[in-house]
Amino acid sequence: MTCHLARGLLILTAFSVSGCAAFSPDSGMSAVSELTSRTIDKDVAFVRTADGAGAVEARVRQLLARTLSAESAVQIALLNNKGLQAAYNELALAETDLVEQSLPPNPVFSISRITGNGASEIERQVVGDILALATLPFRSDIARERFRQAQLRAALATLRLAADVRRAYWRAVADNEMVVLLTDAKATAESTAQLAVKLGETGSLNKLDQAREQVFYAETTADLATARQTAASARERLARLMGLWDGGLDFRLPNALPPLPRRPLTLPSIEADAVAHRIDLQIARLELVALAKAMNLTEATRFVTLLDLAGISRRTQDPEGPAFRERGFDVQFQIPIFDGGEVRVRQATETYNLAFNRLTERAVNVRSEARDAYRVYRSTYDIASHYQREIIPLRKIITEEMQLRFSSMQVDIFALLTEARQRLASLRGAIDARQRFFLAQADLQTAVNGGGAPAAGSDNPTTIAAAAPADGGGH
């Protein structure tokens, strides 16, 4: 009997193993690469070997050899950021969970020997968890859904890093342009202040007017110092996101933002695109599928959560009598006297309802975020183009006319100083408007594809671990 039971357990285990998941060559990175290449058209790499690290280092050096664009900065970060590599390590760990959940439980073999009064007894047992074997296909299916979620989370981390790099890049370039502008403004203010001092020495300028000239120079100097500090901090943040240190910190950035595109994007179906492509929504959908399967498993194992079958072989030898060999089996199962499974069923049901409501809320929010991101994109484009087409050309005309009139003694230096201040304010406003547009452009892409800050409750631990009691281990 024991041999038959043991053989039955081994056969059942062999059939179960035939459907088990195996480790993939790339730890599931193919799905991440496909998603990111389709969404942002960039390469990703999971660095696990010295050769892989060398290839990444060579590619990064090649990209750093030229003045950085937003796209090259994103590519460097996706290859070189160690935090993203840690996210890919989490994906590899998730694959180990998938393989573990797809394997049947190991049978337990025990042997005991008891002697006394010259007699001895040897007992052998082979114990197998029958319930775990019976529910293996369900648990394996749930584990595959969890692994697919892990792949999407890795892709979401990739998109989130890309979005952060774009924002940091546009801020750093805008701060560079502001430093260049204020450097020129400081030189102009310094010349004006020196002229005011000379006029004061000749008695042509009173102390009040001299002070006005000096304060413009002092304020511009302070603004320039602030702008330089802001630019340095923005550059450091970009370097951190790109994972650069030591020799890589001397990368070059443009001194000015690029011009605006000729016309803005028209996205009439942006809400539908966002709902179809947002990775956080895909994660929530998979979570709901996994919870539904876990709830079915909970219903199937409602009354029986423990079922062990043991094959027993016992041999008794007495020196004064014949030897006896006994065979049999032992079945252990839990009697649902106090808990008939109602608690676990209720937990599974409410956890599913929780995930469903969160998914519905997230879908509503995604549509709203997409609409708002497009409105901001269009409004920032209109404002920046207004500066580019109207305000800056008019300021240029005013400056040229004021300089001509100052040269012909038609206006005094105070009028020229007032115009310089107004022109500086317009130029700073134009830089800020273009920066806001490029940031809004990055946010628009994030609103459609995902990669923004995680929404409240999207990674709720209760939702993530929803099926833990139903995976065959709870009582």
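Buried means under 20% relative accessible area, exposed means over 50%, and partly exposed is what falls in between, using a 1.4 Å probe and protein chains only. You're looking at a predicted model, so local features need pLDDT of at least 70 and side-chain atom pairs count only at pLDDT 80 or more, while totals for chains, interfaces and linings use all residues. Residues are numbered from 1 along each chain as its sequence is written, and side-chain values use heavy atoms, with hydrogens and water left out.

**Overall make-up**

- The protein chain has 13 helices and four strands; these are DSSP runs numbered from the N terminus, with helices being H or I over at least four residues and strands being E over at least two.
- Take contacts (heavy atoms within 4.5 Å) between residues at least 6 apart in sequence: 81% of them join residues at least 24 apart.

**The nonpolar core**

- A nonpolar core here is a set of buried Ala, Val, Leu, Ile, Met, Phe, Trp, Tyr and Cys residues joined through side-chain atoms within 4.5 Å.
- The largest one has 90 residues, and Tyr-169, Leu-238, Met-242 and Phe-251 touch the most other members.
- Helix 7 (residues 136-201) supplies the largest share of this core, with 23 residues.
- If you skip neighbours within four places in sequence, Met-242 is in contact with Leu-68, Ala-73, Ile-76, Ala-77, Asn-80, Asn-81 and Phe-251.

**Helix 4 against helix 8**

- Helix 4 and helix 8 (residues 207-242) have axes that come within 7 Å and cross at roughly 45°; axes are lines fitted to C-alpha atoms, for helices over the stretch in contact, and angles run from 0 to 180 degrees between N-to-C directions.
- The two helices are therefore oblique to each other, given that under 35 degrees counts as roughly parallel, over 145 as roughly antiparallel, 65 to 115 as roughly perpendicular and the rest as oblique.
- On the helix 4 side the contact uses Ala-73, Ile-76, Ala-77 and Asn-80, and on the helix 8 side Leu-238, Leu-241 and Met-242.
- Sorted by class, this contact has six nonpolar, one polar and no charged residues; Ala, Val, Leu, Ile, Met, Phe, Trp, Tyr, Cys and Pro count as nonpolar, Asp, Glu, Lys and Arg as charged, and the others, Gly among them, as polar.

**Helix 3 against helix 4**

- Helix 3 and helix 4 (residues 70-80) pack at an angle of about 160°, and their axes are 10 Å apart.
- That angle makes helix 3 roughly antiparallel to helix 4.
- From helix 3, Val-56, Arg-59, Val-60, Leu-63 and Leu-64 meet Ser-72, Gln-75, Ile-76, Leu-79 and Asn-80 of helix 4.
- The residues of this contact split into six nonpolar, three polar and one charged.

**Positive phi in two loops**

- Ser-27 has a phi near 55°, a positive value in a residue other than glycine.
- Ser-27 sits in the loop between helix 1 (2-18) and helix 2 (29-40), and is buried at 6% relative accessible area.
- Asp-41 also has a positive phi near 55°, and belongs to the loop between helix 2 and helix 3 (50-64).
- Asp-41 counts as exposed, at 62% relative accessibility.

**A pair of alanines**

- Ala-355 lies in helix 11 (residues 342-407) and is buried, with a relative accessible area of 5%.
- Ala-355 and Ala-284 are 71 residues apart along the chain, yet their C-alpha atoms are separated by 7.5 Å.
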